[in-house]
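Please read each numbered point with the model in view.

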Amino acid sequence: MIDTGEVSAFRDLHTRLGDAVESAVRGKRDVIDLVLVAMFAGGHVLLEDVPGTGKTTLARAVAGALGGLSRRVQFTPDLLPSDVTGTSVYDPQTGQIRFRPGPVFANIVLADEINRAAAKTQSALLEVMEERTVTIDGVGHAVPDPFLVVATQNPIDLDGTYRLPEAQLDRFMLRTSIGYPSVEDELDVLRPGSGAGRIADVRTVSSPREVSAFSGRLQLLHVADPILHYISGLGVGTRTDERLRLGTSTRGLRTLVRCAQVYAASKGRHFVVPQDVQDIADPVLAHRLVLTRESVLAGVTTSEVLADVLARVPVPKPATQ
């Protein structure tokens, strides 16, 4: 079981990382915290946003604060799986075939406009996300630890895109968007001499080894049985809602537990409370739900359905003495 001292140390680290990233990405602390939750929970993030909102800056700033390696892959229709994962090449100097790593061999990988690549290329990346290993010619090559993929897709421009099917969306731990900044934050970004967007100025406040160590320890954070019953009830609520064709899977609920553990620790607690689950439920579960055709035509969103489920599932009460 993780103790209060470790939780306090993690909260300090989480705050330092958030502050360092926010020096480049202004006014989006809630999104930064979600990305950090995914990183410490061992998952990946899907950002649905229009161009120019800071997606690349966010990914590179996280890598800078972590002190790790970052890579960016621009997904296009002609991109091949080997362009992402790497391939075997012949070395004329040694006369041997050696593995040349692809851009996925980094701590932070930005998969830009992932829905513009063909399905086989998308699958190659998603396989690495799940297995954390690239297999070439029968030989496995492990990616670095920690390993975080920040994938983006433009929800407006759908021409020439390949929609991610539900099974692949389920591989992403969180889905969120950065959105436009507030007026004050946008003025700060526009002001000449502003440090916004300057990745070189992001302070390195941690290391990949430290993040990996905390990630393992946070899996031991206490989750009481009533909280687990509550999360299970949310799953049942999505599966029985008539507006949904597909509710959340057991894997989705396990992901919710894992994210709630990290989220609770980032608030300085060594146990999960219902509010943690409620705060993190939408970015973790909404993209795993599939609406019926009638609901789509009626303009219903999965976030609205999930909000209704959260409102009607009984919240566990603290035990009385």
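1. Basis of the note. The model is predicted; local features need pLDDT of at least 70, side-chain atom pairs count only at pLDDT 80 or more, and totals for chains, interfaces and linings use all residues. Residues are numbered from 1 along each chain as its sequence is written, and side-chain values use heavy atoms, with hydrogens and water left out.

2. Packing of α2 and α3. Helix α2 covers residues 29–41 and helix α3 residues 55–66; the two pack at an angle of about 60°, and their axes are 11 Å apart. Helices here are DSSP runs of H or I with at least four residues, strands are runs of E with at least two, and both are numbered from the N terminus. Axes are lines fitted to C-alpha atoms, for helices over the stretch in contact, and angles run from 0 to 180 degrees between N-to-C directions. The helices α2 and α3 are therefore oblique to each other; angles under 35 degrees count as roughly parallel, over 145 as roughly antiparallel, 65 to 115 as roughly perpendicular, and the rest as oblique.

3. The contact of α2 with α3. The crossing of α2 and α3 is right-handed. On the α2 side the contact is made by V31, I32, V35 and M39, and on the α3 side by L58, V62 and L66; contact means heavy atoms within 4.5 Å. The residues of this contact divide into 7 nonpolar, no polar and no charged. In this division Ala, Val, Leu, Ile, Met, Phe, Trp, Tyr, Cys and Pro count as nonpolar, Asp, Glu, Lys and Arg as charged, and the others, Gly among them, as polar. As for handedness, a crossing is left-handed if the near helix is turned anticlockwise from the far one by less than a right angle, and right-handed if clockwise.

4. Packing of α1 and α8. Helix α1 (residues 4–22) packs with helix α8 (residues 208–218) at an angle of about 135°, the axes being 11 Å apart. The pair α1 and α8 is therefore oblique, and the crossing of α1 and α8 is left-handed. In α1 the residues E6, A9, F10, L13 and R16 meet E210, F214, R217 and L218 of α8. Which classes of residue make up the contact of α1 with α8? The residues divide into 5 nonpolar, no polar and 4 charged.

5. T302. This residue lies in helix α13, which covers residues 302–312. T302 counts as buried because its relative accessibility is 13%; buried means under 20% relative accessible area, exposed over 50%, and partly exposed in between (1.4 Å probe, protein chains only). The side chain of T302 reaches the backbone oxygen of A286 at 3.1 Å. Neighbours within four places in sequence aside, T302 is in contact with R175, A286, L289 and L291.

6. S266. Helix α10 (residues 250–266) contains S266. With 10% relative accessibility, S266 counts as buried. A polar atom of the S266 side chain lies 2.6 Å from the backbone oxygen of Y263. Apart from neighbours within four places in sequence, S266 is in contact with F10, R11 and H14.

7. G68. The loop between α3 and β2 (70–74) holds G68, and at 24% relative accessibility G68 counts as partly exposed. Residues up to four places away in sequence not counted, G68 touches A63, N107 and P208.

8. D30. D30 and H270 are 240 residues apart in sequence and 21 Å apart in space, C-alpha to C-alpha.

9. Backbone geometry. D145 and P146 are joined by a cis peptide bond, with omega of about 0°; P146 is in the loop between β7 (139–142) and β8 (148–153). E113, a residue other than glycine, has a positive phi near 55° and is found in the loop between β5 (108–112) and α5 (119–131). R132 is not a glycine, yet its phi is positive at about 60°. The place of R132 is the loop between α5 and β6 (133–136), and R132 is partly exposed, with a relative accessible area of 25%.

Technical notes
Polar contact = N/O pair within 3.5 Å; in protein donor to acceptor, adjacent residues only side chain to side chain.
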